[in-house]
Amino acid sequence: MRAFASRWWPRTLRGRLSLVALTTATILMVILTVAFNTVVRRHLQHQADDELRTRAAAVAATVVTDGSRVRVLETPGEELLDTNVWIYSGGRLLEKPPSATATSPLTRAADRLVARGERHCLTVHSHDEVRLCSRPVPGGKGAAVVVTALDLSPYRGSADTMLFASLALDAAMLACTYALTRLAVGRALRPVRSMTEHATQWSAIASQERFGTVTRPTELAQLGGSLDALLARIRALLRHEQQLTRELSHELRNPLARIIAELDWWGARPRSDADTRTTHAAIADAAQSMRTICDTLLDEARDSAATAPGTADVLPVLHRLVDRLGPTKAGVEVVVTACDARLSAGVPDALLERIVSPLLDNALRHAHTRVEILARARPGGVRVEVGDDGPGVPASFAAQLFQPGRRADPEDEHGGAGLGLPLARRLARSAGGEVDHDGRRTSGATFVVTLPAG
């Protein structure tokens, strides 16, 4: 059954809406048709009963009950009045239609009506459907009852004609409803199809076109907003992919050139074992540098691709970062302070960690005895300062501080690739913030993170 329904259920929204409209209209029309024809049949039956009572009253006017017995007066047009009329005195039949016998179904039905003694009507189904009504005739000592009969075939024919006409009208209305619904839904969905085609085209060519520049109905405006957000996300991902490709190619060029140079130098002429070991060590160091660059950039790419709006409690995140450090450099103390314990930033916890973590690693690497992390509120946002008491940033290197792959002292024997500070700044900017170096400090180095408030 489910497979049958799935097979015949329309696959398009236009077809489904048209089918729902047709089903709803069908149910409504069936209810209205049944109600209408029931009312029509009752009305026709009431008309037939009124006709029978009128004829019974006319016949009762010819029945005299003043004396000791019931008499029927002879009047002009008596043959017309006697058609389908039974007259009783007490329980005795005085007159009956010429075509009826004493044992016919109609006569027996008339006997039942007389036995009830009041005004009543009933329907007899013999060859045709016949309606009978009784009318007592008041008067003297004699008690008379007049029973009249009426063939209901003309009334039933009218009712059946009304039923067939209403069914034909229903069929025509349903056909028009289905056709008009498909037409209306198709016209209503035409802008959606157009928007979908444009969204596909714009996303493929990274176009800056957007749907929000055109006034649309509320529902389509909401759809357009969603598509605009999706297109912006796709464009951001494309920019991110292009930037990642450029950075990888730029950062891998130097170690790769070093490997090529070492191999060229080693292969230029026979070398001693010591020269070979030196070449191998240089190639291994360059390969390790390439691996570090790839891991750092790819980790950052995955984290920034998963970035979503959120709110982070600053102080718990900072304490969590410090707890994860494990044993620090001998004699180095890490202190976390905050002007407000409820301080929150308008970024997810993971993003705040990714921004502050490179700054904390950099501070620990250069600090002599102390690293201080200070969080405080600022107008419209949050400020996090990461400072150390190390040698600080050379003035000659300050302009290159946030350039990928740049290090103030390449011979300082730490494993950094010169990408931590640029990645922290890029992540902060992606969230509407910034990472800067505070050059006013005369001792050590201080980096300042500013983020929107949560």
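This is a predicted model: local features need pLDDT of at least 70, side-chain atom pairs count only at pLDDT 80 or more; totals for chains, interfaces and linings use all residues.
The chain has 454 residues, and 35% of them count as buried. Ten helices and 14 strands are assigned. Its accessible surface is about 26900 Å². Carbon and sulfur atoms account for 57% of that surface. Among contacts between residues at least 6 apart in sequence, 62% join residues at least 24 apart.

Five strands form an open sheet in the order S4-S3-S7-S6-S5. The pairing is antiparallel. Strand S4 (92–95) and strand S5 (121–125) are the edges, and each pairs on one side only. From one strand to the next, the twist averages 30°. Helix H2 (residues 13–60) packs on this sheet. Helix H2 touches strand S3 (85–89), S5, S6 and S7. The direction of H2 makes about 140° with that of S7. Within the sheet, strand S6 (residues 129–137) and strand S7 (residues 144–151) run antiparallel and are joined by eight bridges. Valine 137 has alanine 144 in S7 as its bridge partner.

Glutamate 385 lies in strand S12 (residues 381–388). Its relative accessibility is 15%, so glutamate 385 counts as buried, the cut-off being under 20%. Its side chain makes polar contacts with two arginine side chains. One is arginine 376, at 2.8 Å. Another is arginine 383, at 2.7 Å. Leaving aside residues up to four places away in sequence, glutamate 385 touches Glu372, Ile373, Leu374, Arg376, Thr446, Phe447 and Val448.

The structure holds 13 salt bridges. One of them joins the side chains of arginine 156 and glutamate 129, at 3.2 Å from N to O. Arginine 156 is in helix H5 (residues 153–205) and glutamate 129 is in strand S6, so this pair ties together parts 27 residues apart in sequence.

A salt bridge also links the side chains of aspartate 349 and arginine 320 (3.7 Å, N to O). Aspartate 349 belongs to helix H9 (residues 349–366) and arginine 320 to helix H8 (residues 314–323), 29 residues apart. Aspartate 349 is partly exposed at 32% relative accessibility. Arginine 320 is partly exposed too, at 28%.

Arginine 425 forms a salt bridge with aspartate 436, with the closest N and O atoms 3.0 Å apart. Arginine 425 sits in helix H10 (residues 420–430) and aspartate 436 in strand S13 (residues 434–437), so the pair ties together parts eleven residues apart in sequence. Arginine 425 is buried, with a relative accessible area of 17%, whereas aspartate 436 is partly exposed at 36%. Both belong to a network of salt bridges that links Arg425, Arg429, Glu434 and Asp436.

Notes. Residues are numbered from 1 along each chain as its sequence is written. Side-chain values use heavy atoms; hydrogens and water are left out. Two strands pair if DSSP finds at least two bridges between them. Helices (H or I, at least four residues) and strands (E, at least two) are DSSP runs, numbered from the N terminus. Axes are lines fitted to C-alpha atoms, for helices over the stretch in contact, and angles run from 0 to 180 degrees between N-to-C directions. Contact means heavy atoms within 4.5 Å. Buried means under 20% relative accessible area, exposed over 50%, partly exposed in between (1.4 Å probe, protein chains only). A polar contact is a pair of N or O atoms within 3.5 Å; within protein, one must be able to donate a hydrogen and the other to accept it, and residues adjacent in sequence count only if both atoms are side-chain atoms. Accessible areas come from the Shrake-Rupley method with a 1.4 Å probe; for residues, only the protein chains shown count as cover. A salt bridge is a side-chain nitrogen of Lys or Arg within 4 Å of a carboxyl oxygen of Asp or Glu.
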